[in-house]
Amino acid sequence: MELQKLFYDGKIQEATSGNVFQTINPATGEVICNVQEASEKDMELVIKSAKAGFSKWSSMAPVERGRILQRAASILRSRNDELAALEVLDTGKPISEAMVVDVASGADAIEYYAGIAAAIHGAYHDLGSSFAYVRRQPLGICAGLGAWNYPLQIACWKSAPALACGNAMIFKPSELTPLTAIKLAEIYTEAGLPNGVFNVVQGSSKVGQMLVSDSSIAKISLTGAVGTGKKVMAAAAETLKHVTLELGGKSPIIIFPDANIEEAVNGAILGNFYTQGEVCSNGTRVFVHRSIKDAFLKLLIEKTKRLKIGDPMNEETHIGALISKEHLNKVLSYIESGKRDGSTLCFGGNRYHPKDPATTNGFFVEPTIFDVSSDDDRIACEEIFGPVMTVLTFDQEDEVIQRANNSAFGLAAGVFTSDIKRAHRVVNELNAGVCWINNYNITPVEVPFGGFKQSGIGRENGWAAVHHYTQMKTVYVEMDKIDYPYPG
Ligand code: TXE
């Protein structure tokens with residue numbers, strides 16, 4: 001694949017840093033291509049382009065902005081298969097997922113915010129002899145910092161509301177998955193987006209830091225690790241930027257005795273092994289009531305045995321490759337710590353080498369299930385970000401709520417029960433930004449997504465994102481006269 005570059009002023013541009021980095025195919029361990037890293041000089045040109053783009057875009061009628069975004073959504077959908085294959089090449093995730101989730105969920109977001117663009121409104125306040133109105137205005141140039149698990153979806157989830165609200169965006173994909181954000185930039189341009197409104201820069205955290213520290217940038221939206229969120233928020237304070245953070249999690253799934261066990265097993269598999277476990281909202285602490293624990297584990301292992309690991313481009317594959325050798329080793333080290341801590345390894349627990357010579361050196365690990373005896377074990381507390389499920393046993397409702405909430409994270413939670421009162425009673429007590437009852441990881445763009453506590457700040461999707469990508473201006477209109485303010 002050809003050398004990857006930057007995108008600003010409506011077209012592909014050479015970077016001038018002289019630095020290139022490689023992007024690796026996780027399924028084979030081979031280099032896909034080189035990517036140019038942006039320099040400070042490049043960033044100045046990108047910001048200049050974004051300023052020009054913002055000026056044009058923010059003065060356009062919102063309904064026209066919506067029309068351009070609608071066109072972008074339909075072009076994106078028309079290129080689903082090509083972009084899904086490219087995302088698989090870059091991330092190692094199975095094609096069976098990318099074909100139905102990654103591009104489609106990005107297009108859904110662009111389509112949803114295209115419809116909202118002309119509906120963004122303020123308020124009118126009758127003050128008697130005078131009146132006031134409140135209007136929502138764009139922030140200016142917003143920066144998106146992407147993670148590597150859903151590169152194209154993240155680029156869409158950040159750019160769609162930003163652009164619908166009249167902002168310009170500079171997006172930096174993760175250095176581990178640089179390939180699809182540029183395609184989105186080309187699609188936006190083809191749809192009629194003015195030059196400079198959506199720009200893509202490539203590089204590591206060094207380039208991310210250039211964005212966070214630049215005073216021309218009004219807002220940062222990050223998806224990434226908790227540690228990164230803290231660094232970005234601290235650095236953004238220097239120029240008092242708006243910040244939204246989508247960070248990690250170690251979310252609970254709670255399965256009560258009256259749950260449909262097969263559906264609970266399906267939910268636990270969906271919430272732990274889909275995208276080989278590289279999903280921030282995964283329910284990796286599965287609390288199962290003691291009375292159904294054996295039946296749950298038996299069916300879970302039976303279904304997990306059927307999962308096929310291997311070449312992500314094979315439509316039969318369920319478990320693809322982890323993003324990098326380093327990440328594979330991180331996940332394997334957690335598995336080893338689980339074995340050392342005395343948890344019972346019920347299934348998996350090893351690196352996997354497909355027989356196919358093309359993928360035998362890929363970064364594969366078996367879907368792994370631990371029956372954990374202590375909530376304090378590392379594998380039951382820390383985000384592993386791989387296909388490693390910890391199963392914990394509980395007896396009482398108030399006990400499991402306390403244990404589920406006993407985490408620095410608060411991203412998501414799942415509750416499986418057929419008792420509707422219990423479902424809402426428990427969800428009411430869970431400290432999590434997104435909760436699912438009798439399902440898991442379903443994230444329609446219409447509803448907000450984001451976490452409590454260390455899992456982040458702010459929300460993506462839904463109308464909530466409009467509040468994060470606009471600022472309110474109050475206008476007071478005097479219809480009478482103004483008197484001299486002092487007596488006499
Ligand atoms: O995130 P990183 P990565 C978590 C998960 C995973 C970890 C690493 O725990 O193990 O994040 O994933 C840029 N200033 N999630 O590498 O390292 C960086 O270049 C400015 C959860 O994706 O946090 C990248 O573009 N920018 C997540 C982006 O920030 C900086 C999904 C994220 O990088 C920066 C994926 C800095 N100081 C991983 N440091 C989710 N919530 O879905 C890094 N970056």
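1. The lining of the second largest cavity consists of G249, K250, G277, V279, C280, N282, T284, E383, I384, F385, G386 and V388. The model is a predicted one, and the volume computed for this second largest cavity is about 60 Å³. By class, its lining residues comprise five nonpolar, five polar and two charged.

2. The count of cavities of 30 Å³ or more comes to two. The largest cavity has a volume of about 80 Å³. Its lining is made up of 16 residues, and those nearest the centre are P252, R285, A404, F409 and N431. Two or more lining residues of the largest cavity come from each of α14 (397-405), β19 (409-410) and β20 (412-416).

3. Helix α2 (residues 62-78) was checked for its length. Its 17 residues, at 1.5 Å a residue, should span 24 Å, and the end C-alpha atoms lie 25 Å apart, so the two values agree.

4. Which residues of α2 are buried? They are R65, G66, I68, L69, A72, A73, I75 and L76. In an α-helix, residues three or four places apart point the same way, because there are 3.6 residues a turn.

5. The cover over the buried residues of α2 includes α1 (40-58), α3 (80-91), α5 (102-117), α6 (151-164) and α7 (179-191).

How values were computed
Residues are numbered from 1 along each chain as its sequence is written. This is a predicted model: local features need pLDDT of at least 70, side-chain atom pairs count only at pLDDT 80 or more; totals for chains, interfaces and linings use all residues. Side-chain values use heavy atoms; hydrogens and water are left out. On a 1 Å grid over the protein atoms alone, a cavity is a set of points where a 1.4 Å probe fits but cannot get out, and a pocket is an open set with protein on both sides within 12 Å along at least five of seven lines; lining residues have an atom within 4 Å of a point. Grid points are joined across faces, edges and corners, and a volume is the space filled by probe spheres set on the points. Helices (H or I, at least four residues) and strands (E, at least two) are DSSP runs, numbered from the N terminus. Ala, Val, Leu, Ile, Met, Phe, Trp, Tyr, Cys and Pro count as nonpolar, Asp, Glu, Lys and Arg as charged, and the others, Gly among them, as polar. The expected span of a helix is 1.5 Å times one less than its number of residues. Buried means under 20% relative accessible area, exposed over 50%, partly exposed in between (1.4 Å probe, protein chains only). Contact means heavy atoms within 4.5 Å.
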